[in-house]
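The sequence and the structure come first, and the description follows.

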Amino acid sequence: VIVLIIFRYFGASNSNTPFSVVKSGLFTVELNETGRLRAENSVTISAPPIRMNLQIVELVPEGTIVKEGEFIVQFDTTEINQTIDDRRSEINLEKANMKRSMVSMKNQLASLNSSVENSQASFRLSQLRVDQMEFESEVQKEEGKLNLFQAELALTQAKDKVDAQRQIDSVEVLSLELKIRQAEMDLEKSIRDKNKLTIHAPAPGLVVYKESWRGGSMSKVKVGDTPWRGQILLELPDLTVMMIETFVSEIDVAKVALDQEVRIKLDAYSDPVFTGKVVEIANIARQEDGLSEANVFDLLIRIDGADPLHKPGMSASVNIIVDEIPDAMWVPIESVFSRNEMSVVYKKKGRRWRTEVVKLGARNNNSVIITGDINPGDKVALVDVSQKDEIISQQPRETLKQESKNGQKPKPQRSRRRNRRG
């Protein structure tokens with residue numbers, strides 16, 4: 001019997017049972033999510049709002065980092081150059097018309113002034129005749145007065161014509177000047193429009209081509225395209241401050257707070273690990289993309305500092321630090337099992353496994369804090385070994401429950417199998 005008991009405790013065990021080691025130290029409670037990088041500040045470049053046919057003839061290569069004021073897009077200027085030439089010809093024509101009109105108005109005004117002088121002379125002659133008719137008959141005197149009146153009327157009319165012509169000429173000159181000014185303004189606008197056909201970077205950033213619906217599919221902008229006015233062509237994200245767009249489930253959103261520390265790892269690189277902080281939490285939930293009906297809350301994380309590895313659109317893994325617990329002891333979640341409505345682990349004891357009741361504490365995606373008859377460095381099984389011969393203790397449910405209530409550690413119980421001799 002003694003030999004049998006020793007065999008049951010220390011007999012051969014299955015060395016293939018996977019296990020993990022109990023760890024201790026600073027335990028980090030974190031939420032592990034995935035996200036995508038984008039710039040906090042970004043400038044979009046659109047096709048200029050010019051009433052003409054636009055065609056791209058030159059583009060700076062995508063991925064180029066440009067400084068403020070550097071060239072990025074050139075449109076065809078053939079049509080606008082023709083418009084500018086037409087505007088200049090129109091200005092020259094209007095100026096020539098004005099010169100011709102000014103000469104004509106000057107001649108006409110000179111003729112009217114001559115009429116005024118003639119009328120003045122006639123009026124003076126008639127006035128002299130009247131003065132000389134002192135001894136003439138009444139009929140002749142009356143006739144002289146009528147002639148004087150007609151001369152005075154003709155003089156007044158001549159002067160009025162001069163004044164009227166001057167007003168007409170003034171309006172005509174103003175109209176011609178307005179036409180010239182309008183033509184000059186049209187020319188200036190055409191020159192401004194031409195300048196808009198050459199686009200320079202309004203801010204530093206990375207050149208990112210935008211997609212648009214064309215020919216039944218989405219495609220990026222390219223040389224030869226004829227965009228519509230105002231179409232977004234490029235984006236210039238500022239790489240000095242980068243963000244990560246991610247989300248958490250509605251179950252976990254209560255664990256997230258502003259300014260929480262975040263550890264970030266780019267999926268494209270194994271190193272380094274970056275840090276950041278949560279800067280925005282959505283106020284309203286949305287349904288997760290895809291067929292899932294789960295509700296999620298969007299988050300924005302600002303990455304600390306700038307790095308050449310940060311590129312818009314890159315995917316990243318983010319670990320949101322919810323809490324950090326010092327002097328803790330933890331095991332992988334898969335090493336904890338439910339037995340008789342309690343949490344247990346299977347601890348390596350010699351060449352066998354011992355059942356240990358544990359109390360669970362905080363957890364993260366991979367591990368959970370435990371307390372019980374467990375020490376750092378102990379080995380715990382990652383699979384349920386309760387049905388294997390190599391288990392040392394399997395106590396009845398009632399015993400485990402009662403001892404758990406009394407705060408006592410469950411006692412190992414030896415196997416009751418009998419040694420049958422053939």
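## Sheet, helix pair and a loop residue

An open sheet is formed by 3 strands, in the order β3-β12-β9, with antiparallel pairing. Because β3 (42–46) and β9 (208–209) stand at the edges with a single partner strand each, one side of each has no neighbour in the sheet. Two strands count as paired if DSSP finds at least two bridges between them. Helices (H or I, at least four residues) and strands (E, at least two) are DSSP runs, numbered from the N terminus.

The model is predicted: local features need pLDDT of at least 70 and side-chain atom pairs pLDDT 80 or more, while totals for chains, interfaces and linings use all residues. Residues are numbered from 1 along each chain as its sequence is written, and side-chain values use heavy atoms, leaving out hydrogens and water.

Strand β12 (residues 232–237) pairs with β3 in the antiparallel sense over 5 bridges. Val 43 has Leu 236 in β12 as its bridge partner.

Helix α2 packs against helix α3 at an angle of about 170°, and their axes are 8 Å apart. Angles over 145 degrees count as roughly antiparallel, so α2 and α3 are roughly antiparallel to each other.

| Helix | Residues |
|---|---|
| α2 | 78–132 |
| α3 | 138–196 |

Asp 252 lies in the loop between β13 (242–249) and β14 (261–266). Asp 252 has a relative accessible area of 16% and is therefore buried (under 20%, with a 1.4 Å probe and protein chains only). From C-alpha to C-alpha, Asp 252 and Phe 297 are 9.2 Å apart in space, and they are 45 residues apart in sequence.

Key:
Buried means under 20% relative accessible area, exposed over 50%, partly exposed in between (1.4 Å probe, protein chains only). Axes are lines fitted to C-alpha atoms, for helices over the stretch in contact, and angles run from 0 to 180 degrees between N-to-C directions. Angles under 35 degrees count as roughly parallel, over 145 as roughly antiparallel, 65 to 115 as roughly perpendicular and the rest as oblique.
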